[in-house]
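Subject: Structure handover

Hello,

Here is the structure I promised to pass on. Please open it alongside this message.

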Amino acid sequence: MQDSCLSSGELLILADLPGDVNRDRWVAGDHLSTIITYWGQTGLGPEYADLSGNGTVDPPDYSEVISYWGTGLPPQPPSGVPEPATLGLLLLSGWALLRRRC
Ligand SMILES: [Ca+2]
């Protein structure tokens, strides 16, 4: 795991995050979209927004998402540092372009 505070041999265990419909560790707008998509439907599990487990996608599910809105681990922006293979391809293409000009 890159950019981790864990040392070698340590294990990070992630518990369920309330309101996290799609299990991406961040409660945001796409969770409400899922609730709206399945609103009123019955017999669906928590992966389809029945967070309360009462068998219906309904107001308690909506309230849970709103209550935990913005909690969790925000998505990380790309680091901007190319991977070694990508960097190698960039250098090789640049070298090829310079060779064509000479
Ligand atoms: Ca429910």
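Below is what was found in it, from the overall make-up down to single residues.

Overall make-up

Please keep in mind that this is a predicted model. The protein has 102 residues, and 13% of them count as buried. Its secondary structure consists of three helices and zero strands. Read from the N terminus, the order is α-α-α. Among contacts with a separation of 6 or more, 41% are between residues 24 or more positions apart.

The helix pair

Two packed helices are described by the angle between their axes and the distance between the axes. Here, helix 1 spans residues 29–38 and helix 2 spans residues 59–67. Their axes come within 10 Å and cross at roughly 175°. The cut-off for roughly antiparallel is over 145 degrees. Helix 1 and helix 2 are therefore roughly antiparallel to each other. On the helix 1 side, the contact is made by His 31, Leu 32 and Ile 35. Helix 2 contributes Asp 61, Tyr 62 and Val 65. By class, that contact has four nonpolar residues, one polar and one charged.

Which residues of helix 2 are buried? They are Asp 61, Glu 64 and Val 65. These three cover an arc of only 95° around the axis, so they sit on the same side of helix 2. Helix 1 is part of what covers them. Pro 59 and Ser 67 are on the other side of helix 2, and they are exposed.

Pro 60 also belongs to helix 2. It counts as partly exposed because it has 13 C-beta neighbours inside 10 Å; buried would take 20 or more. Leaving aside neighbours within four places in sequence, Pro 60 is in contact with Ser 52 and Asn 54. Its C-alpha atom is separated by 8.7 Å from that of Asp 50, which is 10 residues away along the chain.

The core

In soluble globular proteins, nonpolar side chains tend to be buried together. Which residues form the largest nonpolar core here? There are seven: Val 21, Val 27, Ile 35, Ala 49, Leu 51, Val 57 and Val 65. Ile 35 is one of them, and it also takes part in the contact of helix 1 with helix 2. Not counting residues up to four places away in sequence, Ile 35 touches Val 21, Ala 49, Val 57, Asp 61, Tyr 62 and Val 65. Val 65 is likewise a core residue, and it is one of the buried residues of helix 2.

Most residues other than glycine have a negative phi. Two residues are worth a look on this point.

Arg 23 has a phi near 60°, a positive value in a residue other than glycine. Arg 23 lies in the segment before helix 1. Is it buried or exposed? Arg 23 is exposed, because 11 other C-beta atoms lie within 10 Å.

Ala 49 has a phi near 85°, again a positive value in a residue other than glycine. This residue is in the loop between helix 1 and helix 2. Ala 49 counts as buried, because it has 27 C-beta neighbours inside 10 Å. Ala 49 is also part of the largest nonpolar core, and Ile 35 touches it.

Best wishes

Technical notes
Residues are numbered from 1 along each chain as its sequence is written. This is a predicted model: local features need pLDDT of at least 70, side-chain atom pairs count only at pLDDT 80 or more; totals for chains, interfaces and linings use all residues. A nonpolar core is a set of buried Ala, Val, Leu, Ile, Met, Phe, Trp, Tyr and Cys residues joined through C-beta atoms within 7 Å. A residue is buried if 20 or more other C-beta atoms lie within 10 Å of its own, exposed if 12 or fewer, and partly exposed in between; C-beta atoms are placed from the backbone. Two residues are in contact if their C-beta atoms, placed from the backbone, lie within 7 Å. Helices (H or I, at least four residues) and strands (E, at least two) are DSSP runs, numbered from the N terminus. Axes are lines fitted to C-alpha atoms, for helices over the stretch in contact, and angles run from 0 to 180 degrees between N-to-C directions. Angles under 35 degrees count as roughly parallel, over 145 as roughly antiparallel, 65 to 115 as roughly perpendicular and the rest as oblique. Ala, Val, Leu, Ile, Met, Phe, Trp, Tyr, Cys and Pro count as nonpolar, Asp, Glu, Lys and Arg as charged, and the others, Gly among them, as polar. The arc is that of the directions from the helix axis to the C-beta atoms.
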